[in-house]
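User: I would like to go through this two-chain model with you. Could we begin with the terms and then move to the details?

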Amino acid sequence: MDLVNNLTLGFGVAFTFTNLLYCLAGCILGTLIGVLPGIGPVATIAMLLPATYALPPVSALIMLAGIYYGAQYGGSTTAILVNLPGESSSVVTVIDGYQMARKGRAGPALAAAGLGSFFAGCVGTLILAAFAPPLTELAFKFGPAEYFSLMILGLIGAVVLASGSLLKAIAMIVLGLLMGLVGTDVNSGVARFSFDIPELTDGIGFVTIAMGVFGYGEIIANLSRPEHEREVFTAKVSGLFPTKEDFKRMLPAVLRGTSLGAALGILPGGGALLAAFAAYTIEKKTKLHPGEVPFGKGNIRGVAAPESANNAGAQTSFIPLLTLGIPPNAVMALMVGAMTIHNIQPGPQVMTSNPELFWGLIASMWIGNAMLIILNLPLIGMWIKLLSVPYKYLFPAIVLFCAIGVYSTNNNTFDIWMVAIFGFIGYSFFKLGCEPAPLLLGFILGPMMEENLRRALLLSRGDWIVFVTRPISAGLLAAALLLLVIVLLPAVKSKREEAFHEEEA
Amino acid sequence: MKIKSQKDFFSGVMFTVVGVAFAWGATTYNVGSGARMGPGYFPLMLGILMAVIGLAIMFSGLTVETEDGEPIGKWAWKQVFYIIGANLAFGVLLGGLPSVGVPAMGMIIAIYALVIIASLAGSEFRLRSVLILATVLAVGSYIAFIWALKLQIQVWPTFITG
């Protein structure tokens with residue numbers, strides 16, 4: 001059994017003292033930022049990237065991954081207790097979770113979220129371990145034309161799932177692609193769009209973009225909103241355990257959420273947010289049992305399903321990254337950055353050239369999920385206390401960590417000036433109603449896309465037909481087209497808008 | 001003509017202008033042909049694409065009815081000023097500005113400046129609690145970044161350490 005051998009190798013790596021420590025650190029940090037509204041995994045991972053320079057690559061990736069899936073656990077706590085999504089992927093948990101808390105059933109709600117997440121995390125990891133090798137095989141058949149088409153599919157996927165205007169999301173991707181091209185062209189050595197600034201010939205650092213747009217931009221946006229009263233149900237968390245009846249309702253919801261989340265996580269553009277959202281929609285469509293609380297009034301299934309789905313999605317979104325080297329969402333785009341910092345080229349060769357990293361990372365996710373369930377259920381009290389930290393103490397700290405993080409990437413103040421510019425740009429995006437996540441994806445994929453397009457066209461002597469004559473490439477493009485057509489269909493379009501409106505409510 | 005969605009119209013303007021700028025900039029490099037792409041080929045393509053999408057967004061901002069006209073609303077200049085200002089002050093104090101002869105003051109002083117300026121962006125400002133926060137963050141950063149992670153950051157002003 002290959003899988004068993006590989007996992008043994010992985011657990012061997014993950015069960016060293018240092019790696020366990022970094023896994024724990026990542027999980028604690030992930031829960032922390034998950035609990036705190038206003039700071040998400042994108043900004044946190046961006047902040048910590050420079051700090052992981054000194055670590056061995058395996059430990060660094062284990063910790064960063066822990067932050068991402070840890071945040072999915074933490075986010076539900078805030079959603080249930082404060083009626084605010086601690087994390088964007090917990091937006092739908094708010095609806096029923098908070099209602100349960102108001103009825104004095106915060107404990108079972110938290111337990112449903114935690115247990116569902118744990119189950120989904122384990123299944124997601126297992127899927128990752130089982131499906132990564134065959135997909136890697138497939139990836140080796142990919143030529144430049146296939147890669148180019150795959151990236152098109154990935155970007156279209158990301159757009160389709162973004163909330164708000166489709167056109168704006170596409171424009172943001174193109175803007176990201178263009179910004180990715182700033183700097184020295186690898187083929188000709190020409191410094192493009194660098195305005196004779198020496199620092200810009202290396203390209204715009206993506207840590208600066210991520211921190212500027214996601215860190216500063218969001219802080220400014222948060223501060224400009226009037227402060228609303230936060231009602232925290234701290235005293236009412238008693239009796240964590242769900243009743244037998246709860247378990248009976250939860251179980252099918254968790255199973256549905258997990259399978260849906262795992263499937264959507266693999267899709268380009270997918271990940272935790274979409275998974276949670278789709279899972280809730282499906283639960284709402286199923287028939288209510290006699291005597292069950294309706295959705296929106298504190299139904300436990302409305303907590304269990306999306307929370308399992310976002311964890312499964314978070315886990316399986318590592319599949320495209322680890323097998324194809326293509327990031328399916330903004331957090332995975334940052335993981336690409338983390339791997340590059342450590343001189344690991346993400347892609348199918350990672351599994352063969354760095355098996356201890358590949359399997360170590362996967363094994364660490366199991367351990368991490370186990371740590372998280374302990375961190376989030378028995379130790380829930382600790383996190384609840386944190387919720388009482390007011391934002392006025394929080395945001396100067398976030399500004400500080402962004403500034404230090406940016407500076408230490410290159411030990412150069414130039415990056416601090418850049419992040420100031422991007423902070424303003426990020427706030428402008430917010431004002432203009434442009435979602436920034438597609439921009440970051442485009443930014444990471446820009447140079448890769450240009451390179452693959454160049455190679456594909458060089459091989460075909462400038463003939464664009466190559467993208468449709470090669471079967472895999474044609475299939476990927478057809479899928480991208482299909483996605484676009486589906487979203488543009490009037491019926492789906494109105495549903496989609498309705499769906500995202502609900503999410504904002 | 002009346003603008004029906006301010007957000008759409010002005011983001012469309014932004015995309016168009018930036019797209020045209022990139023496309024125009026790309027023409028100053030060698031564009032080449034499909035089989036032999038020059039450094040200008042891909043950015044030119046993308047620039048034109050973005051300008052076209054921008055125009056479409058502008059158009060939809062003028063034609064598609066919205067309930068409230070989707071106004072952009074007031075800009076939070078105060079918050080922008082203090083947050084960005086805090087960041088810039090941090091950079092100047094940490095690294096100095098050798099070109100105009102400002103010496104580097106090091107991380108600790110920069111942290112105090114950043115926390116104080118950033119806090120001014122909040123709805124209330126109490127110097128005492130802000131100073132306590134700054135001290136906590138300064139000590140915490142020293143332990144985390146200098147002592148534990150061993151980042152190469154200047155901690156104290158140049159004239160003290162020499």
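Analyst: A residue is called buried if 20 or more other C-beta atoms lie within 10 Å of its own, exposed if 12 or fewer do, and partly exposed in between, with C-beta atoms placed from the backbone. The model is predicted: local features need pLDDT of at least 70 and side-chain atom pairs count only at pLDDT 80 or more, while totals for chains, interfaces and linings use all residues. Residues are numbered from 1 along each chain as its sequence is written, and chains are lettered from A and ligands numbered from 1 in the order in which they are written.

User: Is Tyr53(A) buried, exposed or partly exposed?
Analyst: Tyr53(A) is partly exposed, because 15 other C-beta atoms lie within 10 Å. Tyr53(A) sits in the loop between α3 (41–48) and α4 (57–82) of chain A; helices (H or I, at least four residues) and strands (E, at least two) are DSSP runs, numbered from the N terminus.

User: How far apart in space are Tyr53(A) and Met449(A)?
Analyst: Their C-alpha atoms are 27 Å apart, and the two residues are separated by 396 residues in sequence.

User: What is the overall make-up of chain A?
Analyst: Chain A has 23 helices and two strands. Its C-alpha atoms fill a box of roughly 70 × 55 × 50 Å along the principal axes. Of the 505 residues in chain A, 61% are buried.

User: And chain B, what is its radius of gyration?
Analyst: Chain B has 24 Å, but a compact globule of 162 residues would have a radius near 15 Å. Chain B has six helices and zero strands, and its C-alpha trace spans about 60 × 50 × 30 Å along the principal axes. Buried residues make up 39% of its 162 residues.

User: Which domains does chain B have?
Analyst: The assignment gives domain 1 (6–63) and domain 2 (77–161); such bounds come from an automatic or database domain assignment. The C-alpha centres of the two domains of chain B lie 39 Å apart.

User: How many residues of chain B are in contact with chain A?
Analyst: There are 58 residues of chain B in contact with 55 residues of chain A, where a contact requires two C-beta atoms, placed from the backbone, to lie within 7 Å. On the chain B side, the elements giving two or more residues are α1 (6–27), α2 (41–63), α3 (77–95), α4 (107–119) and α5 (127–148). That side has 38 nonpolar, 17 polar and three charged residues. Here Ala, Val, Leu, Ile, Met, Phe, Trp, Tyr, Cys and Pro count as nonpolar, Asp, Glu, Lys and Arg as charged, and the others, Gly among them, as polar.

User: What about the largest nonpolar core, how many residues does it have?
Analyst: It has 228 residues, and those with the most contacts inside it include Met211(A), Leu334(A) and Ile83(B). A nonpolar core is a set of buried Ala, Val, Leu, Ile, Met, Phe, Trp, Tyr and Cys residues joined through C-beta atoms within 7 Å. The largest share of this core, 16 residues, comes from α4(A). Domain 1 (6–63) and domain 2 (77–161) of chain B both give residues to the core, so the core lies between them.

User: Which residues are in contact with Met211(A)?
Analyst: Leaving aside neighbours within four places in sequence, Met211(A) is in contact with residues including Ala43(A), Ala46(A), Tyr216(A), Cys402(A) and Val419(A).

User: Switching topic, where does helix α6 of chain A bend?
Analyst: Helix α6 (residues 106–139) bends by about 35 degrees at Ala132(A), and Pro133(A) follows within four residues. The bend at a residue is the angle between axes fitted to the seven residues ending there and the seven starting there. Of the 34 residues of α6(A), 24 are buried, so the helix is largely enclosed by the rest of the structure.

User: And Arg301(A), buried or exposed?
Analyst: Arg301(A) counts as buried because it has 29 C-beta neighbours inside 10 Å. Arg301(A) is found in helix α12 (residues 301–316) of chain A. Beyond its neighbours within four places in sequence, Arg301(A) is in contact with Arg249(A), Met250(A), Ala253(A) and Glu283(A).

User: Last one: what is the phi of Asn343(A)?
Analyst: Phi of Asn343(A) is near 60 degrees, a positive value in a residue other than glycine. Most residues other than glycine have a negative phi. Asn343(A) lies in the loop between α14 (330–341) and α15 (349–353) of chain A, and is exposed, with 7 other C-beta atoms within 10 Å.

Note on methods
The radius of gyration is taken over C-alpha atoms; the globule rule is 2.2 Å times the number of residues to the power 0.38.
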